[in-house]
Amino acid sequence: MFLGKHLWAVVYTFLLLSFTVYLALDTFVIARVYTEVEPEQSSSVQEEASSSPSALMTENSYQDENISITITEYRENETTVYVADVVLSSPEYLKTAFAQNAYGRNVTEKTSEIAEGVNALLAINGDYYGAQESGYVIRNGVIYRDTPKQDSEDLVIYEDGSFEIIEESEVTAEQLAANGAVQVLSFGPALIENGRLSVLEDTEVGRSKASNPRTAIGIVDNLHYVFVVSDGRTEESEGLSLLQLAEFMQKLGVQTAYNLDGGGSSTMVFNGTVINNPTTSGRTISERSVSDIVYIAR
């Protein structure tokens, strides 16, 4: 009798819970591949070092006639920061890659796994585009998503290797591609523009004020870049605020700097080895799977 009277309520509650669970799974778990991407064919680090007499590899550096990478560990604001100083002879060596060679939603791999698949000399996590439903995604000159995100600052990497910060509300993805955009990363915010800080302490909100693991990329001069990853959330390494990250990169001489996905995603890989200490909770050191990387390879 009771069940009969209230059956509709039980059914409604069950359907509502089922729909809520489905939405959560669809948003954060269920992988949807929209486009498969042909992977870049790059020489492995070992092949390059053995085939090129000018290639020199050490524990924290790589040098050949086209690529120079030097990794330095800094200590700033009770935080360990890893900086890869990169000088290239051509912008073609600055690349991006999708997890599982596919553009989609919740399509992820660890940074080290994506890096291994493309034979990256150096790699950092990207903007984790797959966790968002809007925000431009341009990779290797191909527009994968042209839906603008409100108040979004993007990093545009042009075919000549130069950097520019743009507002999605002010330009379309099609216009960017027509202007020579090869990569567009949509996370942010911008940290430095024209050598000046773009973030201030009183403009930061929420978790941006907190000390966290961080990932950023910057340009010093023509074809001279820095990849920056800071540890955080542990007793050994507190982490950086966005302002602290920007100030640190300004001291490196960076002219344009951009904040990428951080927290548990922050990972730097060099010569197949994760060189920082990625963590989400601070209790366990382990990589988080992400949707994309920025990397250097032949």
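**View 1. Strands E1 and E7 run antiparallel, joined by four bridges.** Strand E1 covers residues 32–36; strands here are DSSP runs (E, at least two residues) and helices are runs of H or I (at least four residues), numbered from the N terminus. Look for Val-33, whose bridge partner in E7 is Gly-104. Strand E7 (residues 102–105) is covered on both faces, with Ala-102 and Gly-104 buried on one side and Tyr-103 and Arg-105 buried on the other. Buried means under 20% relative accessible area, with a 1.4 Å probe and protein chains only.

This is a predicted model, in which local features need pLDDT of at least 70, side-chain atom pairs count only at pLDDT 80 or more, and totals for chains, interfaces and linings use all residues. Residues are numbered from 1 along each chain as its sequence is written, and side-chain values use heavy atoms, leaving out hydrogens and water.

**View 2. Nine strands form an open sheet with antiparallel pairing.** The order is E2-E3-E4-E5-E18-E17-E19-E15-E16, where two strands pair if DSSP finds at least two bridges between them. Strands E2 (56–58) and E16 (196–197) stand at the edges with a single partner strand each, so one side of each has no neighbour in the sheet.

**View 3. Thr-279 sits in the loop between strand E21 (273–274) and strand E22 (289–290).** Thr-279 counts as buried because its relative accessibility is 1%. A polar atom of the Thr-279 side chain lies 2.7 Å from the backbone nitrogen of Gly-282, and one lies 2.8 Å from the backbone oxygen of Thr-284.

Methods: Buried < 20%, exposed > 50% of the residue type's maximum accessible area, 1.4 Å probe, protein only. Polar contact = N/O pair within 3.5 Å; in protein donor to acceptor, adjacent residues only side chain to side chain.
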